[in-house]
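This report describes selected features of the structure shown below.

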Amino acid sequence: MTSTKTRRGVLRGLATASTLALLASLSVTQSARAADAALIAAAEKEGQIVVYGDPFTVPLLLKAFGAKYPKIKVTSATGDGWQIYNRFVAENGANRPLMDVMYQAEDTVITAKTSGYLANFTSSEVGSLTKLGLPAGGGYVRGNGNLIMFAYNHEAMAKKPLPKDWTDYITPPAEWEGLGAMSNPGSSSATFATIAALYQTYGAEKGGAILKGFRSAKGELNPSMGVMATKLQTGERPLDFFNITTAVSGIIAKGAPVTMAVPASGGVAQFNAIGISAKAPNPNAARLLADFALTAEMQAVFSEAGVYPVRTGVASPKGLPVLTEVKLMDLDLEKALKDRETILNWWATSTGFSYR
Amino acid sequence: MSTETTAHVGPPQGEMPSLFKRSPSRSLRQAGWLTLACMVLAVFSLFPLIALVVRGFVETEGGRLILTFSAVKTVMSQSGYWFAAWNTVVVSIGSMILAAVIGVILAWCLVRTNVPFARLLEQLATMPIFIPPFIGAFAWVLIGAPRIGLFNLPAKGLGFGEPLDIYTYTGLIWTIGIYIAPYVMMIVASALRNMDPSLEEAAQVAGLSRVQTMFRITLPVVAPSILSGSVLAFVISIGLFGTPVLLGMTKEIYLVTARIYLELQQFPPSFGIVAVLAIYLMILSVIANLLQGWALRGRSFVTVTGKGFRPRIIQLAAGRYVVASIIWLYLLLTVIGPIIIIVAASVSTYTWSGKFTWNNIAFLWESQDVRSTLWNSLIITILAASATTVLGLIVSWITARTRMRGRQFLEHVVLLPMSVPSLAFALGVSFFWLWVPWSVYGTVWIIIIGLIGRYISYSVRSITSSLIQIHPELEESARISGFGWGSTMWRVTLPLVLPAIISSWVMVYSIFISELSMVLPLYTTSSRTLSILSFDTWAVGEFSLVASLSLLQLLLGVGVMWFVTHITKQRQIAAT
């Protein structure tokens, strides 16, 4: 009897606890919804938002955001990462802050953060992000990923040896002469990330030998990865030292004879990050947009467009390797940015190219 | 006959036409107008340059501003910048010579000979300026690049190797030269139309052959236009950045503009280096303009007097077909070939795929982005081109038709931005408008203001070269007949310089419709233009879409040119 009473008591206790837990979780959800509703109301009251950033992903983001929140007028400026960053700095310097949200290459967002231009921000969606979506330092979040790997025109390279690893460039085959191309790490964030990864992974000497090998095979310097992608598809420069999925996945989807391959030692993951300006004129709209970028809905749009999502449960883009399964080279971007001058000079000395 | 021979046609040197003799009140009024003009032009053209230079030479240290010359030291001490300056001079002079030769020959053949379909050919010959420079350069990459160039492929197949390499000094000069030749042609053609044929008739009566007449009469008389067009071509080429970046950087032929472009892509950007390099280009521009002024000093080039005339057409016999063939060859290389390539690229699934699709063309009317950017482009271009032409006319009139003190200063002010690359000038515009308390920053107006300031000199050059050909006696007669200043301007001066005004409007319109670098640092979503959309599309490797957008830009340029020409023709018919 006692035992029956005790069992009943335990069961009653469990039931009470469950009910309380359920009520508590309902209350939390309701308060979260209330917070969301409050954020939306505050953002709509502000009525506008200014976003600076990446020319590929920002238009996708703003189109979806504009459709969901038609009462908020969206303005943006997109372009090369540092050029847009310099514009943001100039506006802040003149005490005319216009930008609310920065959505672009992570190196520019880290630089903005360390320079004190960004508000400390953590999205309410961080619990749903993959490990790759969360930067080590915090203060901002990653919005989407890109993968940098080897890219070549498989028709033009049909009878030629193909690179399997970065170290293949130390003594490049004679058949590669005049076929390779790369872009400038001084202006391209993706290129800087890759060069920094080579520097951190292989060290100055071995990494330098890779770069020297690329140059000894008469590799050329192109103004951007877009130009490299065009030369890749025409076969003018059929062997990119590396290229980024956003520049190449579109032409692959259209049937261009281009293949991207992950080097044996790993590719490089490069991210677009989201930062909110410390002087954002529309902080609520900024917060709403930053959260929206990480929703399952928006991350699926990114994936559909060939951009890697950073949210769990959203598949990688069709035809591209799964980001979480790909072997990646280690890259400490914050450290690389501290060593930026050293890395750029190392690249310039090794390749003989000028970065500025 | 030399140009001095025509000196007697114009007003005696040093003697002021009675129309412009000054009374004290008139002087005061003129000074007022000149001051107003200077202030307007300073806001448009001078202050952005000052803002750029100040930003380059002033740094903040411990909360106070200090003057620094570290950028000058850097630029002076590094060989890369010296090479860039040298490359700029070589490529720009080469392009100028090529553009001048092509432009003058085209203008003369099309305006003064009975070459078949002259009107059509002239319209076709202006088309290169409607093709965005970086698209033209890309078209030439597809023609003349090693390994894949259309010209090289058959040559290689026939065992001649790869004769063309577009990534060389010659390739750069060629690509820049053929695309700026229409500017020279338009200016010279306008002058040839305004030239009194009695001078040539007198020469022939005196026994000169047609060729002698051309070299000893026609060319010297239109010399201001040729010089003006050549200097314009030189200054355009030193300020170009798309073509040098695309073609030059591949073989590490850096021009000053490519160095500026690289500098602005960096972090942290050295605005000091940008300012010093911009000053380099301004010095080159000033030298070119001074040389032009020196070459024309003391001469008069008045060819339009009170007598009525029609341009004299030289009747070529069978030679007209030879001339037409040469012009068609030029058009094939500069217009038809690249357009075919752009069309082929726009209907290809991807460049050189051999697989075709209408999707890239359908994108033009299906995309909301295209619709909104098209609207912005048209509004910005039409407003800016009209304002630039009106201001250009005012400056031309002040400098060519008045004796106001300081009018040369006005001319120098408008000419300075001409040589500064658009990207650097646009930065100056943004710095200036960020500093002033009331602002147009972030609106469509800042782009319009920037375009006017950067390109007003193009209008001034085009209109002035025509205005100085018109004898003041025409205006004097009108004033004597009781016309006021406004009526004289409206009924005498403007109709006479109308071809130059129209040509100026079309010229700046054609630049604005495809202008990229001026817009890049100044636009926002609400002021995004077609060229920005093209650039963003290009950045992600979608060349087929870029090609279809270029076709749209081409259509906008050619369509408006056709419309303007059609209206002008209707007016001429109505007038006769």
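## Residue G136(B)

In this predicted model, G136(B) lies in helix α5 of chain B, the helix that covers residues 133-144. Is this residue buried or exposed? G136(B) counts as buried because 26 other C-beta atoms lie within 10 Å, and the threshold for a buried residue is 20 or more.

Apart from neighbours within four places in sequence, the contacts of G136(B) are P128(B), I131(B), T175(B), Y179(B) and P338(B). A further pair relates G136(B) to Y441(B): the separation along the sequence is 305 residues, and the C-alpha atoms are 31 Å apart in space.

## The annotated segments of chain B

For chain B, the UniProt record, an unreviewed entry, lists "domain: ABC transmembrane type-1" at residues 85-292 and 374-564. The computed secondary structure over residues 85-292 of chain B is 74% helix and 0% strand.

## Overall description of chain A

Chain A contains 11 helices and 10 strands. Along the principal axes, its C-alpha atoms fill a box of roughly 85 × 60 × 40 Å.

Chain A has 356 residues, of which 52% count as buried. When contacts in chain A between residues at least 6 apart in sequence are considered, 77% of them join residues at least 24 apart.

How is chain A divided into domains? Domain 1 consists of residues 45-145 together with 271-320, and domain 2 consists of residues 146-269 together with 330-351. The C-alpha centres of domain 1 and domain 2 of chain A are 27 Å apart. To the contact between them, domain 1 of chain A gives 20 residues and domain 2 of chain A gives 16 residues.

On the side of domain 1 of chain A that touches domain 2 of chain A, the elements giving two or more residues are α3 (81-93) and α4 (106-114) of chain A. Of the elements on this side, α4(A) gives the most, with five residues. Sorted by class, the side of domain 1 of chain A that touches domain 2 of chain A comprises 10 nonpolar, seven polar and three charged residues.

Definitions and conventions: Residues are numbered from 1 along each chain as its sequence is written. Chains are lettered from A and ligands numbered from 1 in the order in which they are written. This is a predicted model: local features need pLDDT of at least 70, side-chain atom pairs count only at pLDDT 80 or more; totals for chains, interfaces and linings use all residues. Domain bounds come from an automatic or database domain assignment. Two residues are in contact if their C-beta atoms, placed from the backbone, lie within 7 Å. Helices (H or I, at least four residues) and strands (E, at least two) are DSSP runs, numbered from the N terminus. Ala, Val, Leu, Ile, Met, Phe, Trp, Tyr, Cys and Pro count as nonpolar, Asp, Glu, Lys and Arg as charged, and the others, Gly among them, as polar. UniProt positions are given in the numbering used here, feature names are shortened, and annotations may be inferred rather than shown by experiment. A residue is buried if 20 or more other C-beta atoms lie within 10 Å of its own, exposed if 12 or fewer, and partly exposed in between; C-beta atoms are placed from the backbone.
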